[in-house]
Amino acid sequence: MITSKQRAQLRAEANGLDPIFQIGKEGVTDAVIAQIEETFNTRELFKVKVHLETSPETPKEIASKLAEATKCDVVQVVGGTIVLFRINLMLRQRAAEKKKRAKEKAEKDAIKRRTERKKRKYGVQ
């Protein structure tokens, strides 16, 4: 379960996202669930669009089925759009490592720039 503050933050993050999946007249199938599971390997947060005219169930019913089948959290259901979230520790670890490498590179570049300035300032070759 996610807290209301986490839910609010996730809603804000999802605001700029486009729906990745569309659910239509066949509703929630095993193929849809498998694709959503696969997507959770590369993303933590994404949107699903439900076609209101052709879908056999309401978006809230579909959201609860998807959440149950994929063990994820439903962030929100607005109209025909469902926002799903599931923590992916591997993605978070990769992001932390990438951030650490970027910080180390920035520090290394800063040291290099300082030594170059000192060389120019004192005329050292």
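Modeller: K71 counts as exposed because its relative accessibility is 69%; exposed means over 50% relative accessible area, buried under 20%, partly exposed in between, with a 1.4 Å probe and protein chains only. The model is predicted: local features need pLDDT of at least 70, side-chain atom pairs count only at pLDDT 80 or more, and totals for chains, interfaces and linings use all residues. Residues are numbered from 1 along each chain as its sequence is written, and side-chain values use heavy atoms, with hydrogens and water left out.

K71 sits in the loop between α3 and β3. Helices (H or I, at least four residues) and strands (E, at least two) are DSSP runs, numbered from the N terminus. The phi of K71 is near 55 degrees, a positive value in a residue other than glycine.

Now the sheet around that loop's strand. Four strands form an open sheet, ordered β1-β2-β4-β3, with mixed pairing. Two strands pair if DSSP finds at least two bridges between them. β1 (19–23) and β3 (73–78) are the edges, each with a single partner strand, so one side of each lacks a neighbour in the sheet. From one strand to the next, the twist averages 25 degrees.

β1 and β2 (residues 45–50) run parallel, joined by four bridges. In β2, K47 is the bridge partner of P19.

Axes are lines fitted to C-alpha atoms, for helices over the stretch in contact, and angles run from 0 to 180 degrees between N-to-C directions.
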